[in-house]
Amino acid sequence: MITAGSGTATRDHAEIELTDGVQIQSQPTDGRPPVHVTTPKLKFLPMTSLAETDEHVVMSAGNWHVEANGLRTLLKADRMELESDVHGQFAP
Amino acid sequence: MASSLRNLLICVLGLTASQALAAQGASSDCRDPVVLDSGPFVLDHKTNLINVQNPKITQCKTVITADEAVATGLDFDTRSEWRFKGHVHVVVDNTYELTADTAVFTFADKRLARGQLLGSATFVDKQTTDKGSANKLVYDDKAKTLLLSDNAQVHKAQYDIQGGCDLIYDMNEKRVTSGSTSCGERYHFIAAPPEKPHQDGEAPAAAPAK
(Lines give C-alpha, C1' and ligand atoms only; values in the text may rest on other atoms or scores of the structure.)
Protein backbone atom coordinates (compact mmCIF):
# COMPACT_ATOMS: atom_id res chain seq x y z
CA MET A 1 0.00 0.00 0.00
CA ILE A 2 1.32 3.44 -0.91
CA THR A 3 0.01 6.68 0.57
CA ALA A 4 1.12 10.26 0.01
CA GLY A 5 0.01 13.80 0.75
CA SER A 6 -0.16 14.72 -2.92
CA GLY A 7 0.55 13.28 -6.33
CA THR A 8 0.31 13.88 -10.04
CA ALA A 9 -0.19 11.39 -12.82
CA THR A 10 0.65 11.51 -16.48
CA ARG A 11 -2.28 11.69 -18.86
CA ASP A 12 -2.09 7.94 -19.56
CA HIS A 13 -1.62 7.11 -15.85
CA ALA A 14 1.53 5.22 -16.72
CA GLU A 15 3.53 7.19 -14.17
CA ILE A 16 2.49 8.70 -10.88
CA GLU A 17 4.66 11.19 -9.03
CA LEU A 18 3.94 11.12 -5.32
CA THR A 19 5.16 13.76 -2.87
CA ASP A 20 4.56 15.07 0.62
CA GLY A 21 5.22 12.32 3.11
CA VAL A 22 5.15 9.24 0.91
CA GLN A 23 4.70 5.97 2.79
CA ILE A 24 4.94 2.38 1.58
CA GLN A 25 3.64 -0.36 3.82
CA SER A 26 3.88 -4.04 3.07
CA GLN A 27 1.03 -6.22 4.22
CA PRO A 28 2.46 -9.68 4.86
CA THR A 29 0.03 -12.50 5.50
CA ASP A 30 2.53 -14.98 6.88
CA GLY A 31 3.17 -13.40 10.26
CA ARG A 32 6.33 -11.53 9.32
CA PRO A 33 6.52 -7.93 10.52
CA PRO A 34 5.45 -5.43 7.87
CA VAL A 35 8.04 -3.27 6.16
CA HIS A 36 7.32 0.42 6.42
CA VAL A 37 9.09 2.99 4.22
CA THR A 38 8.88 6.76 4.25
CA THR A 39 10.40 9.14 1.74
CA PRO A 40 9.59 12.68 0.62
CA LYS A 41 9.10 11.82 -3.06
CA LEU A 42 8.41 8.68 -5.09
CA LYS A 43 7.81 7.75 -8.71
CA PHE A 44 5.41 4.85 -9.18
CA LEU A 45 4.77 2.94 -12.41
CA PRO A 46 1.50 1.01 -11.94
CA MET A 47 2.01 -1.25 -14.96
CA THR A 48 5.19 -2.77 -13.58
CA SER A 49 4.64 -2.01 -9.87
CA LEU A 50 8.02 -0.29 -9.88
CA ALA A 51 8.47 2.41 -7.26
CA GLU A 52 11.66 4.41 -7.08
CA THR A 53 13.23 7.50 -5.62
CA ASP A 54 16.62 9.12 -5.31
CA GLU A 55 15.63 10.81 -2.09
CA HIS A 56 16.39 9.95 1.51
CA VAL A 57 14.54 6.82 2.63
CA VAL A 58 13.67 5.55 6.10
CA MET A 59 12.72 1.89 6.38
CA SER A 60 11.57 0.02 9.45
CA ALA A 61 10.89 -3.69 9.73
CA GLY A 62 10.44 -5.35 13.07
CA ASN A 63 13.09 -3.95 15.37
CA TRP A 64 15.20 -2.74 12.46
CA HIS A 65 15.51 0.90 11.52
CA VAL A 66 17.38 1.56 8.26
CA GLU A 67 18.09 4.83 6.49
CA ALA A 68 19.55 5.19 3.01
CA ASN A 69 19.62 7.31 -0.10
CA GLY A 70 17.62 5.99 -3.01
CA LEU A 71 15.08 3.21 -3.24
CA ARG A 72 13.97 0.91 -6.01
CA THR A 73 11.30 -1.66 -5.36
CA LEU A 74 9.16 -3.99 -7.40
CA LEU A 75 6.13 -4.22 -5.16
CA LYS A 76 4.73 -7.32 -6.85
CA ALA A 77 8.07 -9.07 -6.56
CA ASP A 78 8.35 -8.25 -2.86
CA ARG A 79 11.85 -6.97 -3.43
CA MET A 80 13.34 -3.74 -2.14
CA GLU A 81 16.70 -2.18 -2.98
CA LEU A 82 18.26 0.60 -0.97
CA GLU A 83 20.82 2.18 -3.25
CA SER A 84 23.54 3.85 -1.18
CA ASP A 85 24.70 5.18 2.18
CA VAL A 86 22.80 2.53 4.06
CA HIS A 87 22.83 2.90 7.82
CA GLY A 88 20.80 0.49 9.90
CA GLN A 89 20.36 -0.30 13.53
CA PHE A 90 18.81 -3.17 15.41
CA ALA A 91 18.04 -2.25 18.98
CA PRO A 92 18.04 -5.22 21.37
CA MET B 1 50.96 -37.03 23.74
CA ALA B 2 48.24 -34.45 23.34
CA SER B 3 47.47 -34.23 27.04
CA SER B 4 51.14 -33.91 27.96
CA LEU B 5 51.49 -31.22 25.34
CA ARG B 6 48.44 -29.48 26.76
CA ASN B 7 49.97 -29.55 30.23
CA LEU B 8 53.27 -28.35 28.88
CA LEU B 9 51.63 -25.47 27.12
CA ILE B 10 49.65 -24.48 30.17
CA CYS B 11 52.86 -24.45 32.18
CA VAL B 12 54.98 -22.67 29.62
CA LEU B 13 52.58 -20.03 28.54
CA GLY B 14 52.56 -17.54 31.29
CA LEU B 15 50.04 -14.79 31.48
CA THR B 16 50.17 -11.81 33.69
CA ALA B 17 47.15 -11.16 35.86
CA SER B 18 46.69 -7.74 34.34
CA GLN B 19 46.44 -9.20 30.84
CA ALA B 20 43.81 -11.67 31.95
CA LEU B 21 41.75 -9.09 33.78
CA ALA B 22 41.93 -6.68 30.90
CA ALA B 23 40.73 -9.33 28.47
CA GLN B 24 37.93 -10.54 30.71
CA GLY B 25 36.71 -7.00 31.13
CA ALA B 26 35.82 -6.89 27.46
CA SER B 27 32.35 -6.75 26.05
CA SER B 28 30.84 -10.01 27.33
CA ASP B 29 27.75 -8.32 28.78
CA CYS B 30 27.41 -5.66 26.14
CA ARG B 31 23.89 -5.15 24.79
CA ASP B 32 24.53 -2.36 22.34
CA PRO B 33 22.52 -2.30 19.13
CA VAL B 34 23.74 -4.08 16.04
CA VAL B 35 24.66 -1.35 13.55
CA LEU B 36 24.91 -1.93 9.81
CA ASP B 37 26.58 0.49 7.40
CA SER B 38 26.79 -0.56 3.79
CA GLY B 39 26.52 0.17 0.12
CA PRO B 40 23.57 -1.20 -1.87
CA PHE B 41 21.15 -3.26 0.21
CA VAL B 42 18.58 -5.64 -1.25
CA LEU B 43 15.76 -7.11 0.81
CA ASP B 44 13.98 -9.99 -0.91
CA HIS B 45 10.87 -10.76 1.07
CA LYS B 46 10.06 -13.87 -0.97
CA THR B 47 13.28 -15.62 0.03
CA ASN B 48 13.73 -13.63 3.23
CA LEU B 49 17.33 -12.98 2.18
CA ILE B 50 19.22 -9.73 2.40
CA ASN B 51 22.15 -9.02 0.12
CA VAL B 52 24.48 -6.22 1.16
CA GLN B 53 27.51 -4.76 -0.62
CA ASN B 54 30.48 -3.52 1.41
CA PRO B 55 28.89 -4.25 4.77
CA LYS B 56 30.23 -3.05 8.07
CA ILE B 57 28.50 -4.59 11.06
CA THR B 58 29.32 -3.23 14.49
CA GLN B 59 28.19 -4.41 17.88
CA CYS B 60 29.92 -3.34 21.06
CA LYS B 61 33.64 -3.65 20.32
CA THR B 62 33.27 -6.11 17.46
CA VAL B 63 33.39 -4.90 13.85
CA ILE B 64 32.94 -7.09 10.76
CA THR B 65 33.65 -5.83 7.25
CA ALA B 66 33.67 -7.63 3.90
CA ASP B 67 33.06 -7.11 0.20
CA GLU B 68 29.60 -8.66 0.35
CA ALA B 69 27.20 -10.30 2.78
CA VAL B 70 24.03 -12.34 2.55
CA ALA B 71 21.82 -12.59 5.60
CA THR B 72 18.99 -14.95 6.30
CA GLY B 73 16.82 -12.24 7.76
CA LEU B 74 16.70 -8.89 9.42
CA ASP B 75 15.80 -10.44 12.71
CA PHE B 76 18.80 -10.73 15.03
CA ASP B 77 16.39 -11.78 17.75
CA THR B 78 16.12 -15.34 16.57
CA ARG B 79 19.11 -17.26 15.27
CA SER B 80 20.06 -15.45 12.09
CA GLU B 81 23.03 -16.14 9.90
CA TRP B 82 25.22 -13.72 7.96
CA ARG B 83 27.52 -15.03 5.23
CA PHE B 84 30.39 -12.72 4.34
CA LYS B 85 32.45 -13.02 1.19
CA GLY B 86 35.67 -11.33 0.07
CA HIS B 87 38.24 -9.62 2.28
CA VAL B 88 36.50 -10.56 5.49
CA HIS B 89 38.00 -8.57 8.35
CA VAL B 90 36.89 -8.81 11.95
CA VAL B 91 38.06 -6.76 14.91
CA VAL B 92 37.13 -8.17 18.30
CA ASP B 93 37.27 -6.06 21.45
CA ASN B 94 39.65 -3.64 19.74
CA THR B 95 42.32 -6.29 20.31
CA TYR B 96 41.99 -9.18 17.89
CA GLU B 97 42.05 -8.92 14.12
CA LEU B 98 40.71 -11.88 12.17
CA THR B 99 40.82 -12.16 8.39
CA ALA B 100 39.59 -14.74 5.91
CA ASP B 101 38.24 -15.20 2.41
CA THR B 102 34.75 -16.03 3.62
CA ALA B 103 32.96 -16.25 6.95
CA VAL B 104 29.64 -17.27 8.43
CA PHE B 105 28.53 -15.46 11.55
CA THR B 106 25.53 -16.46 13.60
CA PHE B 107 23.64 -14.12 15.86
CA ALA B 108 21.59 -15.42 18.73
CA ASP B 109 19.57 -13.52 21.28
CA LYS B 110 20.39 -10.27 19.47
CA ARG B 111 24.11 -10.81 19.85
CA LEU B 112 26.99 -12.02 17.77
CA ALA B 113 27.43 -15.61 18.94
CA ARG B 114 29.88 -17.40 16.67
CA GLY B 115 31.91 -16.90 13.53
CA GLN B 116 33.36 -19.52 11.22
CA LEU B 117 36.07 -18.12 8.95
CA LEU B 118 37.24 -20.15 5.99
CA GLY B 119 40.09 -19.92 3.52
CA SER B 120 43.42 -18.43 4.57
CA ALA B 121 42.05 -17.47 7.94
CA THR B 122 44.36 -15.56 10.26
CA PHE B 123 44.28 -13.89 13.64
CA VAL B 124 46.51 -11.38 15.36
CA ASP B 125 46.39 -10.35 18.99
CA LYS B 126 47.47 -6.72 18.96
CA GLN B 127 48.23 -6.77 22.69
CA THR B 128 50.68 -9.67 22.67
CA THR B 129 51.45 -9.94 18.93
CA ASP B 130 50.40 -13.60 19.12
CA LYS B 131 49.20 -14.67 15.72
CA GLY B 132 47.93 -17.74 13.97
CA SER B 133 46.56 -19.11 10.75
CA ALA B 134 44.52 -22.03 9.51
CA ASN B 135 42.20 -22.94 6.71
CA LYS B 136 39.36 -22.83 9.21
CA LEU B 137 39.03 -20.59 12.23
CA VAL B 138 36.02 -20.59 14.54
CA TYR B 139 35.45 -17.64 16.83
CA ASP B 140 33.22 -18.29 19.85
CA ASP B 141 32.09 -15.02 21.35
CA LYS B 142 30.80 -16.54 24.57
CA ALA B 143 33.79 -18.75 25.31
CA LYS B 144 36.17 -16.15 23.87
CA THR B 145 38.15 -18.79 22.03
CA LEU B 146 39.55 -19.24 18.54
CA LEU B 147 39.53 -22.81 17.24
CA LEU B 148 42.03 -23.20 14.41
CA SER B 149 41.90 -26.32 12.29
CA ASP B 150 43.20 -27.62 8.97
CA ASN B 151 46.84 -26.58 8.67
CA ALA B 152 46.66 -24.68 11.95
CA GLN B 153 49.61 -22.83 13.39
CA VAL B 154 50.08 -20.34 16.18
CA HIS B 155 53.07 -18.11 16.74
CA LYS B 156 53.92 -16.70 20.12
CA ALA B 157 57.01 -14.81 21.14
CA GLN B 158 58.39 -17.89 22.85
CA TYR B 159 57.48 -20.58 20.35
CA ASP B 160 55.56 -21.72 17.29
CA ILE B 161 53.13 -24.61 17.36
CA GLN B 162 51.59 -26.29 14.36
CA GLY B 163 49.97 -29.48 13.23
CA GLY B 164 47.58 -31.70 15.12
CA CYS B 165 43.89 -31.68 14.38
CA ASP B 166 43.30 -28.24 15.75
CA LEU B 167 44.57 -25.61 18.14
CA ILE B 168 42.52 -23.62 20.62
CA TYR B 169 43.54 -20.07 21.43
CA ASP B 170 42.00 -18.72 24.64
CA MET B 171 41.48 -15.00 24.09
CA ASN B 172 41.04 -14.23 27.77
CA GLU B 173 44.11 -16.03 28.99
CA LYS B 174 46.24 -15.60 25.85
CA ARG B 175 46.95 -19.29 25.93
CA VAL B 176 47.03 -21.97 23.27
CA THR B 177 46.14 -25.59 23.87
CA SER B 178 45.88 -28.61 21.65
CA GLY B 179 42.42 -29.59 20.58
CA SER B 180 41.02 -32.82 19.25
CA THR B 181 43.32 -35.82 18.79
CA SER B 182 40.93 -37.67 16.51
CA CYS B 183 42.92 -37.11 13.34
CA GLY B 184 46.08 -38.63 14.82
CA GLU B 185 48.30 -35.91 13.42
CA ARG B 186 51.24 -34.93 15.62
CA TYR B 187 51.85 -31.45 16.92
CA HIS B 188 55.13 -29.70 16.21
CA PHE B 189 56.32 -27.40 18.94
CA ILE B 190 59.23 -25.17 18.04
CA ALA B 191 60.75 -23.08 20.78
CA ALA B 192 62.35 -19.82 19.80
CA PRO B 193 65.75 -19.30 21.44
CA PRO B 194 65.68 -16.21 23.63
CA GLU B 195 67.61 -13.32 22.19
CA LYS B 196 68.77 -12.29 25.65
CA PRO B 197 68.47 -13.81 29.11
CA HIS B 198 65.04 -13.59 30.71
CA GLN B 199 64.82 -10.79 33.18
CA ASP B 200 61.25 -11.16 34.38
CA GLY B 201 61.59 -14.53 36.02
CA GLU B 202 59.67 -16.27 33.27
CA ALA B 203 60.81 -19.80 32.59
CA PRO B 204 62.53 -20.37 29.24
CA ALA B 205 60.54 -22.17 26.59
CA ALA B 206 60.59 -25.93 26.51
CA ALA B 207 62.45 -28.07 24.03
CA PRO B 208 60.69 -29.04 20.82
CA ALA B 209 58.27 -31.94 21.14
CA LYS B 210 58.72 -34.35 18.25
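In strand β10 of chain B, B:Asp140 is the bridge partner of B:Arg114. This pair belongs to a predicted model, in which β9 (residues 111–125) and β10 (residues 131–140) of chain B pair in the antiparallel sense over nine bridges. Chain B has two helices and 16 strands, whereas chain A has seven strands and zero helices.

**Strands around β10 of chain B**

- The hairpin of β9(B) and β10(B) has five residues between the strands, and B:Thr129 takes a positive phi near 65° there.
- Strand β10(B) also runs antiparallel to strand β11 (residues 145–149) of chain B, to which five bridges join it.
- Within this pairing, B:Leu147 in β11(B) stands opposite B:Val138.
- β10(B) and β11(B) form a hairpin with four residues between them, and B:Lys144 in its turn has a positive phi of about 55°.
- A further antiparallel pairing, over three bridges, joins β10(B) to strand β12 (residues 153–155) of chain B.
- The bridge partner of B:Gly132 in β12(B) is B:Val154.

**Nonpolar core**

- In soluble globular proteins, nonpolar side chains tend to be buried together.
- The largest nonpolar core of this model has 60 residues.
- The members that touch the most other members are A:Leu82, B:Phe84, B:Leu98, B:Leu137, B:Leu148, B:Leu167 and B:Tyr169.
- Strand β8 (residues 96–108) of chain B gives the most to this core, namely six residues.
- Leaving aside residues up to four places away in sequence, B:Leu137 touches B:Leu98, B:Ala100, B:Leu117, B:Ala121, B:Phe123, B:Leu146 and B:Leu148.

**Chain A**

- Read along the sequence, chain A follows the pattern β-β-β-β-β-β-β.
- The radius of gyration of chain A is 13 Å, which agrees with the value near 12 Å that a compact globule of 92 residues would have.
- The C-alpha trace of chain A spans about 50 × 30 × 20 Å along its principal axes.
- Strands β2 (residues 6–9) and β3 (residues 16–25) of chain A pair in the antiparallel sense over four bridges.
- A:Thr19 in β3(A) is the bridge partner of A:Ser6.
- These two strands, β2(A) and β3(A), form a hairpin with six residues between them, and A:His13 in the turn has a positive phi of about 60°.

**Burial and sequence range of contacts**

- In chain A, 25% of the 92 residues count as buried.
- In chain B, 31% of the 210 residues count as buried.
- Among the contacts in chain A between residues at least 6 apart in sequence, 27% join residues at least 24 apart.
- The corresponding share in chain B, again among contacts between residues at least 6 apart in sequence, is 39%.

**Contact between chains A and B**

- Chain A gives 20 residues to the contact, and chain B gives 20 residues.
- On the side of chain A that touches chain B, the elements that give two or more residues are β6 (64–74) and β7 (79–90) of chain A.
- The largest share of that side, 11 residues, comes from β7(A).
- By class, the side of chain A that touches chain B has nine nonpolar, seven polar and four charged residues.
- Strand β7(A) runs antiparallel to strand β2 (residues 41–44) of chain B, and four bridges join the two.
- B:Asp44 in β2(B) stands opposite A:Arg79.

**Individual residues**

- A:Asp78 lies in the loop between β6 and β7 of chain A, and has a positive phi of about 60° although it is not a glycine.
- A:Asp78 counts as partly exposed because it has 16 C-beta neighbours inside 10 Å.
- B:His87 lies in strand β7 (residues 80–92) of chain B; although it is not a glycine, B:His87 has a positive phi of about 50°.
- With 14 other C-beta atoms within 10 Å, B:His87 is partly exposed.
- B:Met171 lies in the loop between β14 (166–170) and β15 (175–178) of chain B.
- B:Met171 is buried, because 23 other C-beta atoms lie within 10 Å and the cut-off for a buried residue is 20 or more.
- The C-alpha atoms of B:Met171 and B:Phe189 are 20 Å apart in space, while the two residues are 18 residues apart in sequence.

Key. Residues numbered from 1 in each chain as written. Chains lettered and ligands numbered in written order. Predicted model: local features only at pLDDT ≥ 70, side-chain atom pairs only at ≥ 80, totals over all residues. Pairing = 2+ DSSP bridges. Rg over C-alpha atoms; globule rule 2.2 N^0.38 Å. Buried ≥ 20, exposed ≤ 12 C-beta atoms within 10 Å, placed from the backbone. Contact = placed C-beta atoms within 7 Å. Nonpolar A, V, L, I, M, F, W, Y, C, P; charged D, E, K, R; others polar. Core = buried A, V, L, I, M, F, W, Y, C linked by C-beta atoms within 7 Å.
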